[in-house]
Amino acid sequence: MQAKPKRRVVAENGDGPEDLVLATTIGNGEDLGPAVRHAFEMGKPEALLQQLRHVVKKKEVEIEELCKLHYEEFILAVDELRGVLVDAEELKSELSSDNFRLQEVGSSLLLKLEELLESYSVKKNVTEAIQMSKICMQVMDLCVKSNQDISEGRFYPALKTLELIEKNYLKHIPVKTLKRVIEKRIPTIKAHIEKKVTTEFNDWLVRVRSMAREIGQTAIGQAASARQRDEELRTRQREAEEQIRSGLGDCVYSLDVEEIDEDSVLKIDLTPVYRAHHIHTCLGIQQQFRDYYYKNRLLQLSSDLQISSIQPFLESHQTFFAQIAGYFIVEDRVLRTAGGLLTTEQVETVWETAIGKMTSMLEVQFSRMDTPSHLLLIKDYVTLVGATLRRYGYQVGTLLEVLDNSRDKYHELLLEECRKQIVDVLGNDTYEQMVMKKEYEYNMHVLVFHLQTSNIMPAFPYVAPFSSTVPDTCRIVRSFIEDSVSYLSYGGRMNFYDVVKKFLDKLLIDVLNEALLKAIYSGTTGVSQAMQIAANISVLERACDLFLLQAAQHCGVPIRIAERPNASLTAKVVLKTSRDAAYLALLNLVNSKLDEFMTLTDSINWIIDEVPQNANDYINEVVIYLDTLMSTAQQILPIDALYKVGIGALEHISNSIVNAFLSENLKRFNINAIMGLDNDLKMLESFADEKFQSTGLSELHKEGSLRDCLIEVRQLINLLLSSQPENFMNPVIRERHYNCLDYKKVATICEKYKDSPDRLFGSLSNRNNPKQNARKKSMDVLKRRLRDFN
């Protein structure tokens, strides 16, 4: 009952507004940091401390009142805890009694467990004694078996028995004396086995060297027979294809394929090698035997590569190369079947050494020979040796390179001769379309080279789209193919089609294409000559497929191989590039000629007083020139090239007119001059539409026309003639009507625009023209907005 006045006293002494705020903050669990910081910043920390003391006193009073209110519940809780303490003492007593009874029962069980463990120990000792006796008996049986295998020459089973003793029994032999004896005898037995198999291998080395020559001669004979069969097959195939292509009827022929098992024909006994390698592998000295084999075989090869100084090489070359071939055939068999005795790298290293010495020897021997038949005889046999060893996976390219040196020189001379002929042909050509008055001329210049565009015989006189360069060049190329095949087909080369194709490409690229490029870029070439050269290159590009078919026929290769999509000559692509270069040179010449006409735009009166009634003089000359150009190109050039010439010329004219507006020489122009240019442009557009229809370009290029090449200058003229040119800044209108115009160009051109002629009182006379005034205001707005945009 006395708590209330005490609480009232505290409130009266300290419950000011600040204390209430502080008490509320603490009660809400808010941070007092800002209040403390503020008190120190104001220099009044004592006031804050005093407020905190008041809050503490207030909370103490509240706690005291809370305790007085619940003291009866505290007393009841203490009584309950005393009752729990009594129950805990009773539980402790029961646990102690149960533990005592458990100890009494466990003592008897422990005694029985000790007796059981002792019985198990006795049983274990007896079992170990029996096992040791069995091990000794097994080891003795294995020793007897190993001795018997060695005496009968079965070394591998003996080694496996010794390995079994070493791995599984030797460490577990209980009798030390027996263990020492066995450990001492095992290395001796292994050494004896190694000596026996090495002796057998050495005997094999002697035999295989004497057999190598016979092995090589047999394999080379197989290669010669295979080459002969291939030649006969190609002959029959070529005859059959010619009959089919000539329309004589279907020809059915059978192909007899004789499967030859080389391993069964070549009797090579490698049993001693396999056995020695396998035994050394089991002995763990596999690398030692590999080195021994490699070293001894390398010594044999070095001896085989020595040339006899007594016997002429022409007489001994077959024996020499047969010995080398036999050696590497044996090495290939060992590599494939001996289970890692030789590595691919080792064989390749030995082969590189051998082929290096053979190539050096051949170069020396060839340099000493002065009889072609002798050289060809050796070349033929060496080619057979190369074909034989290639079948066993050896790279014989280096060896054949020595044989091909004369071939390369021959073709270089042949190419140089063709170069002179082609230069003479190009120099003597007048670059005029060939006119053929008789059928035999058409056959001689067109049909024989399959240059015709239709199977229908044309009416005579026939004007060809090419000049005399094309048939003359085709004759030169045909002669080159025949000469190349005649040389390469002699000497035993199996497949020389790729070689002929390579040199044919070299002729067309390095000789013909270079001569054509020189003719294109010579300073004396005119428009008509450039056009004819471009037409000639187009025909020669198509003729590349004919050249390839001729090469295939002469080489005996089926025509279908030459007709494959990816089998075409590289020269075809190169000539296509040169054709494009000729088109570009032609366009440059045409543009240069057009520039001569477009210079007449300098004489245009850009501030003319009245609108011209007719087109300007320069545009008439331009149209006449373009008409002549397109008519000539239509007769000579392909349709796609004609389209390129047309769009190139018109685009150049469009750019020239736009550049005339941008020229620094043009200071200003008026609406009358623009109307005159509009007449010129309409004349050009009419010409473009007429040519697009008459030349047949409309059928091939339906998505666009020649008129589209003038789109930039047309949009510019339309803008300058527009009654509201300011619409150019409207994105929708600009995209629809002026999408080809550039902001900067339009800004520069518009700055030169003047709305009326420059004459006395000209501005006064136009004040009453509302339409012209509106155009002027719109143009001024466009100029101002373009300035702001830029």
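The predicted model contains 22 salt bridges, a salt bridge being a side-chain nitrogen of Lys or Arg within 4 Å of a carboxyl oxygen of Asp or Glu. Because the model is predicted, local features need pLDDT of at least 70 and side-chain atom pairs count only at pLDDT 80 or more, whereas totals for chains, interfaces and linings use all residues. Residues are numbered from 1 along each chain as its sequence is written, and side-chain values use heavy atoms, with hydrogens and water left out.

**Salt bridges between helices**

Three of these pairs are set out below.

| Pair | N to O distance |
|---|---|
| Glu200 and Arg275 | 3.5 Å |
| Arg579 and Glu541 | 3.2 Å |
| Lys745 and Glu712 | 3.5 Å |

The salt bridge of Glu200 and Arg275 links distant parts of the chain, 75 residues apart: Glu200 belongs to helix α7 (residues 176–246) and Arg275 to helix α9 (residues 271–282). Helices, here and below, are DSSP runs of H or I with at least four residues, numbered from the N terminus. Glu200 is partly exposed, with a relative accessible area of 29%, and Arg275 is also partly exposed, with a value of 29%. In these terms, buried means under 20% relative accessible area, exposed means over 50%, and partly exposed lies in between (1.4 Å probe, protein chains only).

A salt bridge also joins Arg579 to Glu541. Arg579 lies in helix α20 (residues 570–598) and Glu541 in helix α18 (residues 527–555), so the pair ties together parts that are 38 residues apart in sequence. Arg579 is buried at 11% relative accessibility, and Glu541 is buried with a relative accessible area of 11%.

Lys745 and Glu712 likewise meet in a salt bridge. This pair links helix α27 (residues 743–751), which holds Lys745, to helix α25 (residues 711–721), which holds Glu712, across 33 residues of sequence. Lys745 is partly exposed at 32% relative accessibility, while Glu712 is buried at 15%. Elsewhere, salt bridges that share partners join Asp678, Lys682, Glu685, Asp689, Arg707 and Arg714 into one network.

**Helix α23**

Helix α23 (residues 671–694) has 24 residues, which should span 34 Å at 1.5 Å a residue; its end C-alpha atoms are 35 Å apart, in agreement with that value. The expected span is 1.5 Å times one less than the number of residues. At the start of α23, a side-chain oxygen of Asn670 comes within 3.2 Å of the backbone nitrogen of Asn672. After α23 comes Gly696, with a positive phi near 85°.

**A nonpolar surface patch**

Leu110, Leu113, Leu116, Leu117 and Tyr120 make a nonpolar surface patch of about 520 Å². Such a patch is made of residues with over 30% relative accessible area and no salt bridge, with nonpolar side chains (Val, Leu, Ile, Met, Phe, Trp, Tyr) joined within 5 Å and like charges within 9 Å. Areas come from the Shrake-Rupley method with a 1.4 Å probe; for residues, only the protein chains shown count as cover. Leu116 is found in helix α5 (residues 71–151) and is partly exposed at 43% relative accessibility.

Gln286 is placed in helix α10 (residues 286–304) and is partly exposed at 22% relative accessibility. Gln286 and Leu341 are 55 residues apart in sequence, and their C-alpha atoms are 8.2 Å apart in space. Not counting residues up to four places away in sequence, Gln286 touches His277, His280, Thr281 and Gly339, where contact means heavy atoms within 4.5 Å.

Technical notes:
Helix = DSSP H or I, 4+ residues; strand = E, 2+ residues; numbered from the N terminus. Polar contact = N/O pair within 3.5 Å; in protein donor to acceptor, adjacent residues only side chain to side chain.
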